[in-house]
Amino acid sequence: MKQLKKPNEEKIASVLLKKISKLTDGPLRFMEVCGTHTISIFRSGIRSLLPKGIELISGPGCPVCVTPVGEIDQAIAILRLDDVILATFGDLMRVPGSSSSFHQEKAMGSDIRVILSPLDAVEIAQRESDRPVIFFAVGFETTSPAIAAAVKESSRKGLANFYLLSSQKLIPPAMKALLSAGKVKINGFILPGHVSVIIGKAPYEFIARDFNLPGVITGFEALDILEGIYMLLHRHKEGKAEIDIQYRRAVKEAGNQRAMEIMEEVFEPVDARWRGLGIIPASGLALRESFARMDASTAFDIPYEDKADPPGCLCGEILQGFNVPPDCPLFGTKCTPENPVGPCMVSTEGSCAAYYKYGGAQ
Amino acid sequence: MKNRRIMLAHGAGGKISHELLHELFLPFFDNDILRPLDDSAIISTGPSKLAFTTDSYVVKPLSFPGGDIGRLAICGTVNDLAMVGARPLGLSASFILEEGLAIEEIEKVLSSMREAARQATVRVVTGDTKVVEHGAAEGLYINTAGIGLIPQGVDVRGSKAMPGDLVIVNGPIGDHEIAVLVARGEFSLRGTIESDCAPLNGLVEAMLEACRDIHVLRDPTRGGLAAVLWEIANDSGVQVVLEEESVPIREEVRRVCDLLGFDPYYLANEGKLVAFVPQEKAEKLLKTMKAHPMGREAGIIGQVRAENPGKVLLRTMIGGHRLLEPLSGEQFPRIC
């Protein structure tokens, strides 16, 4: 069998950790914006290795976690119509709406298909052409080009039964809102790798320019993250706020032009509600006029209704880095992965789920 | 049991399955033979001990690379007997058949059951068939039960892990679940990975020959390695420390996991076992395992400690630590 361990992974890690320790001169807080980073940090046990002075806090980059209750309720209301198929990413199955979840609806007989790629939803619509297929599109810039491609493909094929319920969101506006509120105390950002493959470096420049904070676009392997932290410390030491790229093997400064063009062609930015964060200007994506026929919320006349977040749930504060999961009075008692109150407890990338699952050893 | 309806998660082998078993089923049947919840019940009849177990098989699709529902139905039950050190005496097989199912399909399943039984040197000695209306089942479901005899001097149970014991696995984990996932074709996944579905009683017999005092044997089926190690840590009141770099995982399995955001420690296996053995016996046992076709890729993956009872700790590739808790329900693919 192939040896899976990368050469000297532990050795390289220990070299990086030594360098990190040397540069750590006081309490510093870095925010990992992206949920995939949160999971990788927990899975690799990075917190258990970092010097005491460095604190990593999770940010708003978990697409499931920021999907508001009202949108889950809206999707469930459409799902309950006759003969409807709802296609969704698996992560959303257990996210609680105000009175039900996809998981519970499925147990009651609703037709929900878990898909991996947006094009799978188009294929379902083609195969089952006599039934409306609604794709509940959740995700950030990483996923939106593929969702745009699915919309175009369905339009090219002339599928009259394919609909989109868009809950897509954009990362930089959320970061801007977070920093502008001035409440969160951080010393730098571990910036998302996958999102940056699409959008490149420019959309983050305001972080350094307007808020005087460094950011490093970082990959998802444990060693990437350690190197990203090292680069942040380096900028901190120099007193220079810059946006750097650690994840050079995948991210180009200019991003992926074609992916951005197709997003631009299919979607337009709109104000959007983020769970816990409220309405953020131009932070969501809606179908442009030329694709408006596919908009599930108008086609089925079930509009989005704003709903309050569940009482007591600190998801919003946690997503903004004001609190860590154990601060929440519901954490581990009223809110567990088996009986979640907030989405941060169920999403694979949610920080509450990660703290609950891996927390004890960190 | 807040949501008083059965959901798929109840069948996934995680915490929710555990809750269903403990809060719904066990209160109705509680007794001293059932209570330990080992892979087989152990019944004493005079000087000898019998092992007794049952399992139902509902896999979709009915066949997949490396096996089918028939092979699973034989191997799964034989393996549950083997995990308490028992030699199988005979199996029962009950079939729930869906109206309209082609006889040819059933023949295929029966033929692979015959082949698996031959491999496990066990016979199906009683059985039953029922037919349900079209749509009331998905092709066919199988239930098998098995009885076996536990040789004198053998006492293998989930509650017997001791501080210092080494943990051995007989080969790479996750093949079965990934093979079935690929065969379902749901995620446009392609791959060549085959299920590890195989009877383990031959291997266990050789292992017990080499080392009579194996403390624990468990097959990491639903819920994967993480779930069985957690059960053992709790039943024995010990901590298990797992070395990530020693746990064998095929490159292809790892790739699919990376793609879907899955953790390989939760993937189901059908031809794997973990053994807890006294440290001084481990080397000899490992040699015996490696000499057996079902144990060629065996390796030591961890050790038992006295502190933090009930916890499974994973020492990661970069030298960090994290807890390995059972999943709540199913693993779902992540968004990006």
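The model is a predicted one: local features need pLDDT of at least 70, side-chain atom pairs count only at pLDDT 80 or more, and totals for chains, interfaces and linings use all residues. Residues are numbered from 1 along each chain as its sequence is written, while chains are lettered from A and ligands numbered from 1 in the order in which they are written.

Helix α3 of chain B takes in residues 103–119, 17 residues in total (helices are DSSP runs of H or I with at least four residues, strands are runs of E with at least two, and both are numbered from the N terminus). From first C-alpha to last, α3(B) reaches 24 Å, close to the 24 Å expected at 1.5 Å a residue, where the expected span is 1.5 Å times one less than the number of residues. Its buried residues are Val109(B), Ser112(B), Met113(B), Ala116(B) and Ala117(B). These five sit on the same side of α3(B), because they cover an arc of only 140 degrees around the axis (the arc of the directions from the helix axis to the C-beta atoms). What do the buried residues of α3(B) pack against? They pack against β4 (67–68), α2 (69–82), β6 and β7 of chain B. After α3(B) comes Thr121(B), with a positive phi near 45 degrees.

Two of those packing partners, β6(B) and β7(B), belong to an open, mixed sheet of five strands in chain B, ordered β1-β2-β7-β5-β6 (strands pair if DSSP finds at least two bridges between them). At the edges stand β1 (41–45) and β6 (124–132) of chain B; each has a single partner strand, so one side of each lacks a neighbour in the sheet. As for β7(B), eight of its eleven residues are buried, so the strand is largely enclosed by the rest of the structure.

Strand β7 (residues 140–150) of chain B has antiparallel partners in this sheet. With β5 (residues 87–98) of chain B, it pairs over ten bridges. Here Gly90(B) stands opposite Ile147(B), and Pro88(B) has Gly148(B) as its bridge partner. With β2 (residues 48–57) of chain B, β7(B) pairs antiparallel over nine bridges, and Lys49(B) stands opposite Ile150(B).

Chain B also has an open sheet of seven strands, again with mixed pairing, in the order β9-β11-β8-β12-β10-β13-β14. Its edge strands, β9 (216–218) and β14 (321–323) of chain B, each pair on one side only. Within this sheet, β10 (residues 239–243) and β13 (residues 312–315) of chain B run parallel and are joined by four bridges. Glu243(B) stands opposite Arg315(B) in β13(B).

Turning to the interface, 44 residues of chain A are in contact with 36 residues of chain B (contact: C-beta atoms, placed from the backbone, within 7 Å). On the side of chain A that touches chain B, at least two residues come from each of α1 (9–23), α2 (35–44), α4 (102–107), β5 (133–139) and α14 (351–358) of chain A. The largest share of that side, four residues, belongs to α1(A).

Terms used:
Contact = placed C-beta atoms within 7 Å. Buried ≥ 20, exposed ≤ 12 C-beta atoms within 10 Å, placed from the backbone.
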